[in-house]
Amino acid sequence: MALTATSTATITTLLISLFFLPKIHSSEFTGTHTRFAKADVDLLEFPLNLEFFEAEFFLYGALGYGLDKVAPNLTKGGPTPLGAEKANLDHFTQDVILQFAYQEVGHLRGIQKVVKGFPRPLLDLSKESFAKTVDAAIGKKLSPPFDPYYSGVHFLLASYLIPYVGLTGYVGTIPKLKAPSSRRLVAGLLGVESGQDAVIRAYLYEHAKEIVSPYGITVGEFTNHFSELRDRLGHQGHKDEGLVVPLAEGAEGKINGNVLAGDTDSVAFDRTAEEILRIVYGSGDEKKPGGFYPKGGNGRIARSHLL
């Protein structure tokens with residue numbers, strides 16, 4: 001069909017209009033993406049507090065030394081942990097924990113590649129610190145005091161205390177992130193943290209009915225007490241479950257075994273930064289440091305509660 005004078009004029013007008021439209025450069029998109037990333041910085045930095053804990057606890061437990069020897073650049077000059085020591089682990093458990101340790105080193109490096117980060121906070125990984133937390137969970141002072149470095153079972157019970165907290169933190173963080181690259185990073189971290197938690201829980205579940213000497217408390221009962229403590233300290237309802245639960249709380253309300261924790265749809269629970277601080281401080285208050293973090297966590301989110 002031939003172009004009429006009217007249609008030619010219309011096309012010409014459209015072309016001229018397009019010429020004068022504002023230009024969208026790739027640099028402007030990058031700028032917007034950067035602004036989103038900046039909004040994500042605090043959320044990406046906060047998990048370093050937990051990653052430092054896990055890296056140091058696993059490294060010391062498996063090797064008898066930590067980041068100061070393995071990757072001193074990642075500590076950014078933060079103080080050496082208090083009281084950490086090599087655990088009395090069988091070969092299999094030592095191998096698994098060492099794998100976890102090096103994975104945590106990678107997590108620290110991965111986060112620090114995209115955000116500046118902060119110095120390692122002061123961590124109290126002493127027997128006394130763990131014993132105090134376990135006593136709070138059990139509701140009485142154990143004799144002898146709980147020692148996480150005494151055996152493989154003791155160490156894995158102690159390991160049950162923290163990685164899951166970080167896992168729920170990542171679940172809670174992802175919806176708040178703006179940049180796709182930020183969500184990708186945290187989803188990747190969550191994947192490995194979930195795997196670690198699953199390995200720990202599976203091992204403990206295999207021994208759930210065994211009594212931890214000399215306390216007369218089974219492995220499964222210990223985990224239930226630890227989960228109840230985290231719920232109490234977090235102050236946000238039911239977000240934690242031990243290895244053996246009432247039938248109604250098991251998957252689909254049909255099983256007592258609970259090797260993986262989840263809600264009524266078997267979806268992972270989430271926690272905020274404030275809930276996490278209440279738990280790892282052992283105080284139930286994000287404004288009152290203590291427990292494994294005697295001087296509090298680092299980064300803007302943690303420090304903002306200490307002003």
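Modeller: Start at Phe-222. Setting aside neighbours within four places in sequence, Phe-222 touches Val-134, Ile-138, Leu-142, Phe-146, Leu-157, Val-212, Tyr-215 and Ile-217. A contact here is heavy atoms within 4.5 Å. This is a predicted model, where local features need pLDDT of at least 70, side-chain atom pairs count only at pLDDT 80 or more, and totals for chains, interfaces and linings use all residues. Numbering runs from 1 along each chain as its sequence is written, and side-chain values use heavy atoms, without hydrogens or water.

Now widen the view. Phe-222 is among the residues with the most contacts inside the largest nonpolar core, alongside Phe-53, Phe-57 and Phe-130. That core has 76 residues. Such a core joins buried Ala, Val, Leu, Ile, Met, Phe, Trp, Tyr and Cys through side-chain atoms within 4.5 Å. Its largest share, eleven residues, comes from helix α3 (residues 48-63). Nonpolar side chains tend to be buried together in soluble globular proteins.

Of its 307 residues, 49% are buried (under 20% relative accessible area, 1.4 Å probe, protein chains only). It has twelve helices and two strands, which are DSSP runs (H or I, at least four residues; E, at least two) numbered from the N terminus. Among contacts between residues at least 6 apart in sequence, 72% join residues at least 24 apart.

Conventions
Buried < 20%, exposed > 50% of the residue type's maximum accessible area, 1.4 Å probe, protein only.
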